[in-house]
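Dear colleague,

Please find the structure below, together with its sequence.

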Amino acid sequence: MRMGKCWFAGVLIVLGYVCLLGTTSRVEGYPIEDLVERLPGQPKVNFSQYAGYVDIDVKHGRSLFYYFVEADHHPHKKPLTLWLNGGPGCSSIGGGAFTELGPFYPKGDGRGLRRNSKSWNKVSNLLFVESPAGVGWSYSNTTSDYIKDDASTANDMVLFLLKWYEKFPSYKSRKLFLTGESYAGHYIPQLANAILDYNLHHPTGFKFNIKGLAIGNPLLKWNKDRRTTYEFFWSHGMISDELGVAIMDDCDFDDYYYGDHQNLSESCNNALTDANKIVGKYINVYDVILDVCYPAIAEQEMRLKKMLHNISLGVDVCIESETKFYLNLPEVQKALHANRTKLSYPWSDCSNLLNYSNTDPDINMLPILKRIIQNHIPIWIFSGDQDSVIPLIGSRTLVRELAHDLKFKITDPYRVWFHKGQVGGWVTEYGKLLTFATVRGAGHMVPYAQPSRALDLFKSFLHGMRLPNTTRPSISDDGAVSYIQHMELVDSY
(Lines give C-alpha, C1' and ligand atoms only; values in the text may rest on other atoms or scores of the structure.)
Protein backbone atom coordinates (compact mmCIF):
# COMPACT_ATOMS: atom_id res chain seq x y z
CA MET A 1 0.00 0.00 0.00
CA ARG A 2 1.25 3.50 -0.83
CA MET A 3 0.15 6.85 0.59
CA GLY A 4 -0.22 9.87 -1.68
CA LYS A 5 0.05 12.44 1.13
CA CYS A 6 1.70 12.81 4.53
CA TRP A 7 -0.86 13.33 7.27
CA PHE A 8 0.28 12.65 10.80
CA ALA A 9 3.70 10.96 10.75
CA GLY A 10 3.45 9.67 14.28
CA VAL A 11 0.10 7.98 13.63
CA LEU A 12 1.34 6.49 10.35
CA ILE A 13 4.43 4.98 11.94
CA VAL A 14 2.25 3.31 14.54
CA LEU A 15 0.14 1.90 11.71
CA GLY A 16 3.26 0.57 10.02
CA TYR A 17 3.71 3.27 7.37
CA VAL A 18 6.25 6.00 7.00
CA CYS A 19 6.07 9.30 5.18
CA LEU A 20 9.30 10.29 3.52
CA LEU A 21 10.76 13.10 1.51
CA GLY A 22 10.76 11.65 -1.98
CA THR A 23 9.35 8.18 -1.24
CA THR A 24 6.37 6.53 0.42
CA SER A 25 6.34 2.86 1.26
CA ARG A 26 5.08 0.28 3.69
CA VAL A 27 7.75 -0.64 6.24
CA GLU A 28 5.87 -3.06 8.47
CA GLY A 29 8.21 -5.86 9.47
CA TYR A 30 11.25 -4.08 8.04
CA PRO A 31 14.07 -2.53 10.11
CA ILE A 32 13.05 1.11 10.51
CA GLU A 33 16.58 1.94 11.70
CA ASP A 34 17.94 0.90 8.27
CA LEU A 35 15.42 2.90 6.27
CA VAL A 36 17.11 5.43 3.98
CA GLU A 37 14.78 8.39 4.06
CA ARG A 38 16.48 10.19 1.21
CA LEU A 39 19.98 10.30 -0.21
CA PRO A 40 21.56 13.73 -0.68
CA GLY A 41 20.66 15.16 -4.07
CA GLN A 42 18.33 12.26 -4.81
CA PRO A 43 15.39 12.78 -7.18
CA LYS A 44 11.93 11.88 -5.91
CA VAL A 45 11.06 8.17 -6.20
CA ASN A 46 8.20 5.88 -5.17
CA PHE A 47 10.23 2.96 -3.83
CA SER A 48 11.98 2.38 -0.52
CA GLN A 49 15.69 1.97 0.18
CA TYR A 50 17.42 0.41 3.15
CA ALA A 51 21.07 0.31 4.14
CA GLY A 52 23.11 -0.72 7.12
CA TYR A 53 25.03 -3.54 8.70
CA VAL A 54 24.43 -7.22 9.29
CA ASP A 55 26.55 -8.60 12.12
CA ILE A 56 27.63 -12.06 11.00
CA ASP A 57 30.11 -12.77 13.82
CA VAL A 58 29.53 -10.80 17.00
CA LYS A 59 32.47 -12.43 18.82
CA HIS A 60 34.99 -11.31 16.20
CA GLY A 61 33.14 -8.09 15.40
CA ARG A 62 32.63 -8.97 11.74
CA SER A 63 29.91 -7.08 9.89
CA LEU A 64 28.92 -6.69 6.26
CA PHE A 65 27.38 -3.54 4.81
CA TYR A 66 24.38 -3.79 2.51
CA TYR A 67 22.21 -1.53 0.34
CA PHE A 68 18.72 -2.78 -0.52
CA VAL A 69 16.42 -1.22 -3.09
CA GLU A 70 12.83 -2.30 -3.51
CA ALA A 71 11.38 -2.73 -6.98
CA ASP A 72 9.82 0.50 -8.18
CA HIS A 73 6.45 -1.16 -8.87
CA HIS A 74 4.70 -3.91 -6.87
CA PRO A 75 7.80 -4.94 -4.85
CA HIS A 76 5.77 -7.53 -2.95
CA LYS A 77 5.26 -9.41 -6.23
CA LYS A 78 8.88 -9.25 -7.41
CA PRO A 79 11.78 -11.61 -6.67
CA LEU A 80 14.96 -10.77 -4.76
CA THR A 81 18.19 -10.40 -6.74
CA LEU A 82 21.59 -10.36 -5.04
CA TRP A 83 24.36 -8.62 -6.98
CA LEU A 84 28.07 -9.01 -6.17
CA ASN A 85 31.01 -7.31 -7.84
CA GLY A 86 34.37 -9.03 -8.07
CA GLY A 87 37.98 -8.04 -7.59
CA PRO A 88 38.39 -9.97 -5.40
CA GLY A 89 37.85 -7.12 -2.98
CA CYS A 90 35.75 -4.62 -4.95
CA SER A 91 32.57 -2.95 -3.75
CA SER A 92 29.14 -3.95 -4.98
CA ILE A 93 27.83 -0.61 -3.69
CA GLY A 94 30.22 1.51 -5.73
CA GLY A 95 30.12 -0.85 -8.69
CA GLY A 96 26.74 -2.50 -9.16
CA ALA A 97 24.58 -0.08 -7.15
CA PHE A 98 25.87 3.34 -8.24
CA THR A 99 27.71 2.65 -11.50
CA GLU A 100 25.77 -0.11 -13.24
CA LEU A 101 22.28 -1.36 -12.39
CA GLY A 102 21.06 0.48 -9.31
CA PRO A 103 18.37 3.19 -9.40
CA PHE A 104 20.77 6.15 -9.31
CA TYR A 105 23.97 7.38 -10.92
CA PRO A 106 26.07 10.22 -9.49
CA LYS A 107 25.81 13.54 -11.25
CA GLY A 108 28.88 14.85 -13.03
CA ASP A 109 29.86 17.08 -10.12
CA GLY A 110 29.70 14.14 -7.70
CA ARG A 111 27.33 16.01 -5.35
CA GLY A 112 23.97 14.66 -6.37
CA LEU A 113 22.18 11.79 -8.09
CA ARG A 114 20.28 11.25 -11.31
CA ARG A 115 17.85 8.43 -12.08
CA ASN A 116 19.00 5.35 -13.93
CA SER A 117 16.02 4.74 -16.18
CA LYS A 118 17.31 1.22 -16.92
CA SER A 119 17.81 0.11 -13.33
CA TRP A 120 17.18 -3.56 -12.67
CA ASN A 121 14.82 -2.55 -9.86
CA LYS A 122 12.23 -2.11 -12.60
CA VAL A 123 11.78 -5.89 -12.49
CA SER A 124 13.26 -7.05 -9.19
CA ASN A 125 14.12 -6.07 -5.64
CA LEU A 126 17.89 -5.55 -5.50
CA LEU A 127 20.37 -6.37 -2.75
CA PHE A 128 24.01 -5.20 -2.91
CA VAL A 129 26.58 -6.35 -0.34
CA GLU A 130 30.15 -5.23 0.28
CA SER A 131 31.81 -8.60 0.70
CA PRO A 132 34.01 -9.90 2.22
CA ALA A 133 34.82 -7.91 5.38
CA GLY A 134 37.47 -5.35 4.52
CA VAL A 135 35.68 -4.23 1.36
CA GLY A 136 34.15 -0.75 1.42
CA TRP A 137 32.38 -0.17 4.73
CA SER A 138 32.31 -3.85 5.73
CA TYR A 139 34.73 -4.55 8.55
CA SER A 140 35.97 -6.81 11.32
CA ASN A 141 37.49 -6.06 14.72
CA THR A 142 39.71 -9.13 14.25
CA THR A 143 42.71 -8.55 11.98
CA SER A 144 42.90 -12.18 10.86
CA ASP A 145 39.40 -11.82 9.34
CA TYR A 146 40.98 -9.83 6.52
CA ILE A 147 42.81 -12.95 5.36
CA LYS A 148 40.14 -14.37 3.08
CA ASP A 149 39.53 -17.03 0.46
CA ASP A 150 36.63 -18.24 -1.65
CA ALA A 151 35.31 -20.71 0.93
CA SER A 152 35.23 -18.27 3.86
CA THR A 153 33.70 -15.57 1.65
CA ALA A 154 30.90 -17.93 0.56
CA ASN A 155 30.25 -19.09 4.13
CA ASP A 156 30.08 -15.48 5.36
CA MET A 157 27.57 -14.66 2.63
CA VAL A 158 25.34 -17.56 3.70
CA LEU A 159 25.44 -16.20 7.26
CA PHE A 160 24.72 -12.72 5.94
CA LEU A 161 21.65 -13.87 3.98
CA LEU A 162 20.26 -15.82 6.93
CA LYS A 163 20.58 -12.78 9.18
CA TRP A 164 19.37 -10.39 6.47
CA TYR A 165 16.20 -12.48 6.18
CA GLU A 166 15.67 -11.89 9.89
CA LYS A 167 15.56 -8.18 9.11
CA PHE A 168 13.31 -8.72 6.08
CA PRO A 169 11.29 -11.86 6.88
CA SER A 170 8.79 -11.38 4.05
CA TYR A 171 11.58 -12.13 1.57
CA LYS A 172 12.33 -15.61 2.93
CA SER A 173 9.89 -17.25 0.55
CA ARG A 174 10.71 -15.05 -2.45
CA LYS A 175 12.51 -16.39 -5.47
CA LEU A 176 16.23 -15.67 -5.07
CA PHE A 177 18.46 -14.91 -8.05
CA LEU A 178 22.24 -14.66 -7.67
CA THR A 179 24.01 -12.30 -10.04
CA GLY A 180 27.33 -10.52 -10.44
CA GLU A 181 30.34 -10.04 -12.66
CA SER A 182 34.09 -10.63 -12.99
CA TYR A 183 35.46 -12.39 -9.87
CA ALA A 184 31.82 -13.01 -8.98
CA GLY A 185 32.46 -15.89 -11.41
CA HIS A 186 33.90 -17.39 -8.21
CA TYR A 187 31.74 -15.64 -5.61
CA ILE A 188 28.35 -16.52 -7.10
CA PRO A 189 28.87 -20.23 -7.96
CA GLN A 190 30.54 -20.92 -4.62
CA LEU A 191 27.78 -19.07 -2.77
CA ALA A 192 25.19 -21.15 -4.66
CA ASN A 193 27.17 -24.27 -3.79
CA ALA A 194 27.19 -23.31 -0.10
CA ILE A 195 23.45 -22.61 -0.26
CA LEU A 196 22.86 -26.06 -1.75
CA ASP A 197 24.86 -27.55 1.13
CA TYR A 198 22.82 -25.55 3.64
CA ASN A 199 19.52 -26.74 2.13
CA LEU A 200 20.81 -30.33 2.07
CA HIS A 201 21.81 -30.26 5.73
CA HIS A 202 18.58 -28.56 6.85
CA PRO A 203 15.87 -30.89 5.51
CA THR A 204 13.23 -29.20 7.66
CA GLY A 205 12.57 -25.54 8.28
CA PHE A 206 13.80 -22.66 6.16
CA LYS A 207 15.41 -23.34 2.79
CA PHE A 208 16.81 -20.86 0.32
CA ASN A 209 14.53 -20.51 -2.70
CA ILE A 210 17.33 -20.13 -5.24
CA LYS A 211 16.02 -19.95 -8.82
CA GLY A 212 18.90 -18.97 -11.05
CA LEU A 213 22.40 -17.57 -11.58
CA ALA A 214 23.46 -14.90 -14.08
CA ILE A 215 27.12 -13.85 -14.22
CA GLY A 216 28.68 -11.29 -16.52
CA ASN A 217 32.21 -11.63 -17.95
CA PRO A 218 33.03 -14.14 -15.21
CA LEU A 219 36.41 -15.54 -14.21
CA LEU A 220 35.74 -19.26 -14.53
CA LYS A 221 39.11 -20.76 -15.40
CA TRP A 222 42.15 -18.54 -14.99
CA ASN A 223 44.52 -19.98 -17.59
CA LYS A 224 41.81 -20.15 -20.27
CA ASP A 225 40.76 -16.56 -19.64
CA ARG A 226 44.37 -15.31 -19.66
CA ARG A 227 45.10 -16.88 -23.03
CA THR A 228 42.07 -15.27 -24.63
CA THR A 229 43.14 -11.81 -23.44
CA TYR A 230 46.08 -11.92 -25.85
CA GLU A 231 43.94 -13.46 -28.58
CA PHE A 232 41.60 -10.48 -28.09
CA PHE A 233 44.51 -8.01 -28.32
CA TRP A 234 45.61 -9.57 -31.60
CA SER A 235 42.12 -9.87 -33.14
CA HIS A 236 41.39 -6.20 -32.35
CA GLY A 237 44.62 -4.89 -33.85
CA MET A 238 46.08 -3.95 -30.49
CA ILE A 239 49.27 -6.01 -30.99
CA SER A 240 51.09 -7.05 -34.13
CA ASP A 241 50.80 -10.34 -36.03
CA GLU A 242 54.37 -11.19 -35.08
CA LEU A 243 53.78 -10.66 -31.37
CA GLY A 244 50.45 -12.49 -31.43
CA VAL A 245 52.06 -15.52 -33.13
CA ALA A 246 54.97 -15.43 -30.65
CA ILE A 247 52.59 -15.53 -27.69
CA MET A 248 50.54 -18.39 -29.10
CA ASP A 249 53.69 -20.36 -29.98
CA ASP A 250 55.81 -19.67 -26.88
CA CYS A 251 53.24 -19.58 -24.08
CA ASP A 252 51.80 -22.69 -22.49
CA PHE A 253 48.92 -21.14 -20.61
CA ASP A 254 48.13 -24.43 -18.90
CA ASP A 255 51.12 -23.55 -16.70
CA TYR A 256 49.98 -19.97 -16.13
CA TYR A 257 48.85 -19.52 -12.53
CA TYR A 258 47.43 -16.43 -10.86
CA GLY A 259 50.25 -14.25 -9.54
CA ASP A 260 52.93 -16.73 -10.65
CA HIS A 261 54.61 -16.46 -14.05
CA GLN A 262 57.60 -18.60 -13.11
CA ASN A 263 56.32 -21.63 -14.97
CA LEU A 264 56.21 -19.68 -18.23
CA SER A 265 59.23 -19.60 -20.49
CA GLU A 266 61.45 -16.53 -20.67
CA SER A 267 60.45 -15.92 -24.28
CA CYS A 268 56.77 -16.10 -23.30
CA ASN A 269 57.17 -13.66 -20.42
CA ASN A 270 59.04 -11.27 -22.68
CA ALA A 271 56.29 -11.47 -25.29
CA LEU A 272 53.56 -10.82 -22.69
CA THR A 273 55.51 -7.84 -21.34
CA ASP A 274 55.88 -6.42 -24.85
CA ALA A 275 52.16 -6.90 -25.53
CA ASN A 276 51.14 -5.10 -22.34
CA LYS A 277 53.48 -2.20 -23.18
CA ILE A 278 52.05 -1.86 -26.70
CA VAL A 279 48.47 -1.88 -25.47
CA GLY A 280 49.53 0.76 -22.96
CA LYS A 281 47.83 2.58 -20.14
CA TYR A 282 45.75 4.87 -22.36
CA ILE A 283 43.33 2.09 -23.27
CA ASN A 284 40.57 0.93 -20.95
CA VAL A 285 41.24 -2.80 -21.17
CA TYR A 286 37.87 -3.45 -19.52
CA ASP A 287 36.11 -1.74 -22.44
CA VAL A 288 38.44 -1.12 -25.36
CA ILE A 289 36.07 1.11 -27.35
CA LEU A 290 35.63 3.64 -24.53
CA ASP A 291 37.93 6.56 -23.85
CA VAL A 292 39.73 6.65 -20.50
CA CYS A 293 39.08 8.98 -17.59
CA TYR A 294 41.89 11.02 -16.09
CA PRO A 295 40.99 10.81 -12.38
CA ALA A 296 43.19 13.69 -11.21
CA ILE A 297 41.51 16.09 -13.63
CA ALA A 298 38.08 14.68 -12.84
CA GLU A 299 38.54 15.04 -9.07
CA GLN A 300 39.84 18.59 -9.48
CA GLU A 301 36.78 19.54 -11.52
CA MET A 302 34.47 18.00 -8.93
CA ARG A 303 36.14 19.93 -6.12
CA LEU A 304 35.67 23.09 -8.18
CA LYS A 305 31.99 22.10 -8.56
CA LYS A 306 32.25 21.89 -12.32
CA MET A 307 30.15 19.47 -14.31
CA LEU A 308 32.19 16.81 -16.06
CA HIS A 309 31.70 16.15 -19.75
CA ASN A 310 33.80 13.03 -20.16
CA ILE A 311 31.45 11.20 -22.50
CA SER A 312 32.54 8.40 -24.83
CA LEU A 313 29.88 6.74 -27.00
CA GLY A 314 27.24 8.11 -24.66
CA VAL A 315 28.92 6.62 -21.56
CA ASP A 316 30.25 8.69 -18.64
CA VAL A 317 33.83 7.39 -18.47
CA CYS A 318 34.50 9.20 -15.17
CA ILE A 319 31.55 7.72 -13.30
CA GLU A 320 33.81 5.75 -10.93
CA SER A 321 35.53 8.96 -9.80
CA GLU A 322 32.16 10.64 -9.35
CA THR A 323 30.84 7.68 -7.34
CA LYS A 324 33.92 7.70 -5.09
CA PHE A 325 33.51 11.42 -4.49
CA TYR A 326 29.81 11.05 -3.69
CA LEU A 327 30.16 8.08 -1.33
CA ASN A 328 32.87 9.89 0.65
CA LEU A 329 30.59 12.84 1.41
CA PRO A 330 29.80 12.75 5.17
CA GLU A 331 26.12 13.49 4.55
CA VAL A 332 25.87 10.54 2.15
CA GLN A 333 27.44 8.15 4.64
CA LYS A 334 25.08 9.41 7.34
CA ALA A 335 22.05 8.87 5.09
CA LEU A 336 23.22 5.32 4.30
CA HIS A 337 23.97 4.51 7.96
CA ALA A 338 27.46 3.66 6.70
CA ASN A 339 30.98 3.92 8.12
CA ARG A 340 29.88 3.35 11.70
CA THR A 341 33.48 2.48 12.63
CA LYS A 342 34.78 5.84 11.37
CA LEU A 343 37.41 4.38 9.07
CA SER A 344 40.79 6.09 9.10
CA TYR A 345 40.88 6.00 5.30
CA PRO A 346 38.37 7.07 2.63
CA TRP A 347 35.90 4.66 1.07
CA SER A 348 37.33 3.17 -2.13
CA ASP A 349 35.87 0.96 -4.82
CA CYS A 350 38.45 -1.78 -4.26
CA SER A 351 40.06 -2.74 -0.94
CA ASN A 352 43.69 -2.23 -0.02
CA LEU A 353 43.06 -3.89 3.33
CA LEU A 354 42.07 -7.35 2.15
CA ASN A 355 44.64 -10.15 1.97
CA TYR A 356 42.94 -12.52 -0.45
CA SER A 357 44.14 -15.99 -1.42
CA ASN A 358 46.65 -16.07 -4.30
CA THR A 359 45.67 -19.61 -5.24
CA ASP A 360 41.86 -19.51 -5.25
CA PRO A 361 41.62 -17.59 -8.56
CA ASP A 362 43.06 -20.75 -10.17
CA ILE A 363 40.09 -22.86 -9.03
CA ASN A 364 38.17 -24.25 -11.99
CA MET A 365 34.52 -23.22 -11.58
CA LEU A 366 33.07 -25.68 -14.11
CA PRO A 367 32.59 -28.60 -11.66
CA ILE A 368 30.72 -26.30 -9.27
CA LEU A 369 28.54 -24.94 -12.08
CA LYS A 370 27.83 -28.54 -13.08
CA ARG A 371 26.53 -29.38 -9.61
CA ILE A 372 24.30 -26.30 -9.59
CA ILE A 373 22.75 -27.22 -12.94
CA GLN A 374 22.28 -30.81 -11.80
CA ASN A 375 20.12 -29.33 -9.04
CA HIS A 376 17.89 -27.89 -11.80
CA ILE A 377 19.02 -24.29 -11.29
CA PRO A 378 19.46 -22.43 -14.59
CA ILE A 379 22.67 -20.55 -15.31
CA TRP A 380 23.20 -17.67 -17.72
CA ILE A 381 26.70 -16.54 -18.62
CA PHE A 382 26.76 -13.22 -20.46
CA SER A 383 29.70 -11.33 -21.93
CA GLY A 384 30.24 -7.80 -23.10
CA ASP A 385 32.07 -8.19 -26.40
CA GLN A 386 34.52 -5.30 -25.85
CA ASP A 387 36.18 -6.71 -22.72
CA SER A 388 39.80 -7.80 -23.10
CA VAL A 389 40.25 -8.80 -19.45
CA ILE A 390 37.81 -11.73 -19.56
CA PRO A 391 36.89 -11.94 -23.24
CA LEU A 392 33.80 -13.68 -24.54
CA ILE A 393 35.85 -16.18 -26.58
CA GLY A 394 37.12 -17.80 -23.40
CA SER A 395 33.77 -17.78 -21.60
CA ARG A 396 31.96 -19.16 -24.65
CA THR A 397 34.43 -22.04 -24.92
CA LEU A 398 34.12 -22.85 -21.23
CA VAL A 399 30.31 -22.87 -21.41
CA ARG A 400 30.52 -25.27 -24.35
CA GLU A 401 32.89 -27.51 -22.34
CA LEU A 402 30.44 -27.50 -19.45
CA ALA A 403 27.55 -28.39 -21.77
CA HIS A 404 29.59 -31.26 -23.22
CA ASP A 405 30.37 -32.56 -19.74
CA LEU A 406 26.66 -32.43 -18.87
CA LYS A 407 25.85 -34.16 -22.17
CA PHE A 408 23.55 -31.26 -23.05
CA LYS A 409 22.52 -30.80 -26.64
CA ILE A 410 22.16 -27.40 -28.27
CA THR A 411 18.51 -26.39 -27.83
CA ASP A 412 18.85 -22.92 -29.34
CA PRO A 413 21.57 -22.68 -32.04
CA TYR A 414 23.94 -19.71 -31.92
CA ARG A 415 22.04 -16.70 -33.26
CA VAL A 416 21.49 -12.98 -32.91
CA TRP A 417 19.11 -11.60 -30.33
CA PHE A 418 17.33 -8.30 -30.75
CA HIS A 419 16.75 -5.24 -28.65
CA LYS A 420 14.62 -2.33 -29.87
CA GLY A 421 14.88 -3.54 -33.44
CA GLN A 422 18.68 -3.79 -33.38
CA VAL A 423 21.08 -6.65 -32.70
CA GLY A 424 21.60 -6.84 -28.94
CA GLY A 425 24.19 -9.59 -29.21
CA TRP A 426 24.43 -13.31 -29.88
CA VAL A 427 23.09 -16.20 -27.82
CA THR A 428 22.99 -19.98 -27.62
CA GLU A 429 21.31 -22.40 -25.22
CA TYR A 430 22.21 -25.89 -24.03
CA GLY A 431 19.68 -28.24 -22.50
CA LYS A 432 17.35 -25.38 -21.44
CA LEU A 433 19.37 -24.86 -18.22
CA LEU A 434 22.55 -23.31 -19.61
CA THR A 435 22.63 -20.13 -21.70
CA PHE A 436 25.52 -18.12 -23.10
CA ALA A 437 24.86 -14.63 -24.45
CA THR A 438 26.95 -11.73 -25.66
CA VAL A 439 25.97 -8.08 -25.32
CA ARG A 440 27.01 -6.02 -28.30
CA GLY A 441 28.95 -2.86 -27.51
CA ALA A 442 29.43 -3.66 -23.81
CA GLY A 443 32.65 -4.20 -21.92
CA HIS A 444 33.50 -5.89 -18.63
CA MET A 445 30.68 -4.04 -16.80
CA VAL A 446 27.76 -4.82 -19.10
CA PRO A 447 24.99 -2.75 -17.40
CA TYR A 448 27.33 0.28 -17.33
CA ALA A 449 28.06 0.46 -21.06
CA GLN A 450 24.78 -1.00 -22.37
CA PRO A 451 22.13 -0.41 -19.68
CA SER A 452 19.12 -0.91 -21.94
CA ARG A 453 20.37 -4.15 -23.52
CA ALA A 454 21.47 -5.40 -20.10
CA LEU A 455 18.03 -4.77 -18.63
CA ASP A 456 16.39 -6.65 -21.50
CA LEU A 457 18.74 -9.59 -20.94
CA PHE A 458 18.01 -9.54 -17.21
CA LYS A 459 14.25 -9.56 -17.84
CA SER A 460 14.54 -12.62 -20.07
CA PHE A 461 16.67 -14.36 -17.45
CA LEU A 462 14.22 -13.62 -14.62
CA HIS A 463 11.21 -14.83 -16.60
CA GLY A 464 12.92 -17.94 -17.94
CA MET A 465 12.47 -16.85 -21.54
CA ARG A 466 14.79 -16.91 -24.50
CA LEU A 467 16.23 -13.63 -25.69
CA PRO A 468 14.07 -12.19 -28.49
CA ASN A 469 14.61 -13.65 -31.95
CA THR A 470 12.47 -10.93 -33.53
CA THR A 471 12.77 -7.19 -34.06
CA ARG A 472 9.40 -6.67 -32.39
CA PRO A 473 9.28 -5.11 -28.90
CA SER A 474 10.74 -7.29 -26.16
CA ILE A 475 9.53 -8.12 -22.67
CA SER A 476 7.91 -5.25 -20.78
CA ASP A 477 8.94 -4.24 -17.29
CA ASP A 478 6.23 -6.41 -15.74
CA GLY A 479 7.24 -9.45 -17.78
CA ALA A 480 4.43 -9.27 -20.31
CA VAL A 481 5.13 -10.32 -23.88
CA SER A 482 3.07 -9.49 -26.96
CA TYR A 483 0.97 -12.38 -28.33
CA ILE A 484 2.94 -12.48 -31.59
CA GLN A 485 6.30 -12.60 -29.87
CA HIS A 486 5.04 -15.14 -27.34
CA MET A 487 3.97 -17.48 -30.12
CA GLU A 488 7.33 -17.02 -31.87
CA LEU A 489 9.11 -17.96 -28.64
CA VAL A 490 6.86 -20.96 -28.06
CA ASP A 491 7.30 -22.13 -31.65
CA SER A 492 11.10 -21.85 -31.28
CA TYR A 493 10.98 -24.57 -28.62
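I begin with serine 119, which is located in the loop connecting β8 (113-115) and β9 (125-130); helices (H or I, at least four residues) and strands (E, at least two) are DSSP runs, numbered from the N terminus. Please note that this is a predicted model, in which local features need pLDDT of at least 70 and side-chain atom pairs count only at pLDDT 80 or more, while totals for chains, interfaces and linings use all residues. Residues are numbered from 1 along each chain as its sequence is written, and side-chain values use heavy atoms, with hydrogens and water left out.

Serine 119 has a relative accessible area of 0% and is therefore buried (under 20% relative accessible area; exposed is over 50% and partly exposed in between, with a 1.4 Å probe and protein chains only). A polar atom of its side chain lies 2.9 Å from the backbone oxygen of leucine 101. Not counting residues up to four places away in sequence, serine 119 touches Leu101, Gly102, Pro103, Leu126 and Leu455, where contact means heavy atoms within 4.5 Å.

Leaving aside neighbours within four places in sequence, its contacts include Arg226, Arg227, Tyr230 and Leu272. The C-alpha atoms of phenylalanine 253 and aspartate 225 are separated by 9.4 Å, although the two residues are 28 apart along the chain.

With regard to helix packing, the axes of α2 (residues 93-100) and α9 (residues 319-327) come within 10 Å and cross at roughly 110°. The two helices are therefore roughly perpendicular to each other (65 to 115 degrees). Ile93, Gly94, Phe98 and Thr99 in α2 meet Ile319, Thr323 and Leu327 in α9. By class, this contact has four nonpolar, three polar and no charged residues.

Finally, the largest nonpolar core has 134 residues, and those with the most contacts inside it are Tyr67, Phe160, Trp164 and Leu336. Such a core is a set of buried Ala, Val, Leu, Ile, Met, Phe, Trp, Tyr and Cys residues joined through side-chain atoms within 4.5 Å. Helix α4 (residues 184-201) gives the most to this core, with nine residues. Phenylalanine 160 touches, among others, Val54, Ile56, Leu127 and Val129. A second, separate core of nine residues includes Tyr105, Cys293, Val317 and Ile319.

Yours sincerely

Terms used: Axes fitted to C-alpha atoms, helices over the stretch in contact; angles between N-to-C directions. Parallel < 35°, antiparallel > 145°, perpendicular 65-115°, else oblique. Nonpolar A, V, L, I, M, F, W, Y, C, P; charged D, E, K, R; others polar. Polar contact = N/O pair within 3.5 Å; in protein donor to acceptor, adjacent residues only side chain to side chain.
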